[in-house]
Amino acid sequence: MNVKGLSEKEIFCYLENAKSEDTDYYRVLSSMCTHPHKIAVEAHRLFIEANLGDFGLFAGAHRLEKEAIGMLGELLHAESAEFPSEESCGSSVCGYLTTGGTESNIQAVRGMKNLAVSEKKSLGEISNIVIPESAHFSFDKVADMMDIEVRRASLDSKFKVDIACVESLIDKNTIGLVGIAGNTEFGQVDPIEDLSRFALENKLFLHVDAAFGGFVIPFLEEPYSFDFKIPGVTSIAIDPHKMGLSTIPSGALLFRSPSFLDSLKVSTPYLTTKAQFTLTGTRSGAAAAATCAVMKYLGREGYVKNVQYCMRLTQKMVEEARKLGFELLLEPVMNVVALKTPDPDFVRELLLRKFGWNVSITRNPRSLRLVLMPHNTAQDIEEFLQDLKKVTSEL
Ligand code: 0PR
């Protein structure tokens with residue numbers, strides 16, 4: 001650290017210099033985050049010091065968190081959703097705002113584990129959960145952090161989890177299943193109703209990772225069934241900082257039953273509240289304000305427009321790529337396109353080096369993965385496909 005402080009001018013010059021190294025999402029086709037909505041940015045600024053880790057001191061920010069949870073619960077077809085009171089939240093769906101999908105997934109599995117232990121479900125042996133092979137790498141962290149075996153079920157030809165494989169992996173130590181509503185690489189939705197049936201038959205928990213799809217699927221022309229309407233679903237992760245247009249860090253975790261949150265509680269003797277069930281201590285009240293504000297501002301209609309825009313771009317990408325002779329791994333379900341090319345890793349490198357495009361890659365099979373977000377434009381797609389054609393014709 002420098003001994004003497006720098007001037008304001010020097011600091012901002014330094015910051016602007018650093019900022020110029022960021023992409024500003026120009027030619028970014030690899031991100032599931034985007035520019036936050038301007039209303040979210042303003043709300044975030046207004047609540048910049050609010051700490052939801054000690055929400056007794058920040059009653060206003062906490063009220064906004066509760067409202068956001070209520071709106072998210074409604075979106076996900078919970079009968080009603082609450083941030084639980086000190087005692088508990090009765091019988092309704094409840095939850096809290098997390099830092100994102102990773103925290104939500106970790107906490108969902110931690111809840112399963114704590115409840116299974118209290119119900120003495122796995123008798124001293126290592127418990128396991130069954131997740132799709134396409135699950136986000138946050139589940140690798142779950143495996144690493146908790147004494148839980150993470151079993152991966154293979155995918156079918158449409159990149160949904162293979163239901164027969166899930167069934168074959170369930171045994172007496174299985175405590176829960178995970179389904180993904182909008183998987184990271186393909187944008188595909190797992191058969192949540194089938195998973196729900198297994199969960200109910202075998203008395204297992206079922207977590208749905210809708211970190212990306214949660215703000216897409218409900219606004220599609222033909223929405224898929226993935227949420228609390230399905231009886232076996234016990235928890236859902238949904239991220240306002242992805243397609244919800246809120247600021248980072250904004251995730252959310254909702255549980256069907258308050259017993260999950262109870263199982264995550266630790267006592268907090270010197271705070272304004274008696275107990276905490278969140279993973280982090282200090283939490284951003286700014287992100288909660290941003291999420292509540294942008295959801296209220298856009299309303300259902302605003303999110304429908306956002307998803308329609310991204311789906312139009314997706315359609316354009318698909319149609320024009322096909323005209324140029326490219327094939328797809330699957331018909332896009334949401335705004336994620338998996339494009340077959342020869343040597344996708346090399347194509348990705350050339351696209352970046354020669355033309356400044358950021359694209360990513362699906363793992364199995366390898367293909368170009370393109371996420372069409374609100375920061376992308378129709379012109380981007382035309383330019384991208386021209387550049388892709390040049391790169392692949394040189395191979
Ligand atoms: N679950 C799913 C289905 C996800 O797609 C992601 C993130 C997570 C959980 C984890 O969410 P957090 O990163 O909020 O903890 N999916 C993207 C990914 O990791 C996120 C992303 C965002 C990647 C912006 C790149 C990027 O520029 O691939």
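This is a predicted model: local features need pLDDT of at least 70, side-chain atom pairs count only at pLDDT 80 or more; totals for chains, interfaces and linings use all residues.

Me: Are R27 and D387 buried or exposed?

Reply: Both R27 and D387 are buried. That label is given to residues under 20% relative accessible area.

Me: What makes the contact between R27 and D387 a salt bridge?

Reply: The side chains of R27 and D387 meet at 3.6 Å, N to O. The cut-off is 4 Å between a side-chain nitrogen of Lys or Arg and a carboxyl oxygen of Asp or Glu, so the pair qualifies. The pair links distant parts of the chain: R27 is in the loop between α1 (8-19) and α2 (38-46), whereas D387 is in helix α11, 360 residues apart.

Me: Which residues are linked with R27 and D387 in a network of salt bridges?

Reply: The network links R27, E383, D387 and K390. A search of the whole structure finds 22 salt bridges.

Me: Why is the pair of K316 and E382 called a salt bridge?

Reply: The closest N and O atoms of K316 and E382 are 2.7 Å apart, and the limit is 4 Å, so the name applies. K316 belongs to helix α9 and E382 to helix α11, 66 residues apart.

Me: Why do K316 and E382 get separate accessibility labels?

Reply: K316 has a relative accessible area of 18%; buried means under 20%, so K316 is buried. E382 has 38%, which falls between 20% and 50%, so E382 is partly exposed.

Me: How do you know that K296 and E67 form a salt bridge, and which parts of the chain does the pair tie together?

Reply: The closest N and O atoms of K296 and E67 are 3.1 Å apart, which is within 4 Å, so the pair counts. K296 lies in helix α9 (residues 285-323) and E67 in helix α3 (residues 59-75), so parts that are 229 residues apart in sequence are tied together. E67 has a relative accessible area of 26% and is therefore partly exposed.

Me: How is the packing of α10 and α11 described?

Reply: Two packed helices are described by the angle between their axes and the distance between the axes. The axes of helix α10 (residues 344-355) and helix α11 (residues 378-393) come within 10 Å and cross at roughly 115°. The crossing of α10 and α11 is right-handed.

Me: Which residues make the contact of α10 with α11, and how do they divide into nonpolar, polar and charged?

Reply: From α10 come V347, L350, L351 and F355, and from α11 come F384, D387, L388, K390, V391 and T392. They divide into seven nonpolar, one polar and two charged.

Technical notes. Residues are numbered from 1 along each chain as its sequence is written. Side-chain values use heavy atoms; hydrogens and water are left out. Axes are lines fitted to C-alpha atoms, for helices over the stretch in contact, and angles run from 0 to 180 degrees between N-to-C directions. Helices (H or I, at least four residues) and strands (E, at least two) are DSSP runs, numbered from the N terminus. A crossing is left-handed if the near helix is turned anticlockwise from the far one by less than a right angle, and right-handed if clockwise. Contact means heavy atoms within 4.5 Å. Ala, Val, Leu, Ile, Met, Phe, Trp, Tyr, Cys and Pro count as nonpolar, Asp, Glu, Lys and Arg as charged, and the others, Gly among them, as polar. Buried means under 20% relative accessible area, exposed over 50%, partly exposed in between (1.4 Å probe, protein chains only).
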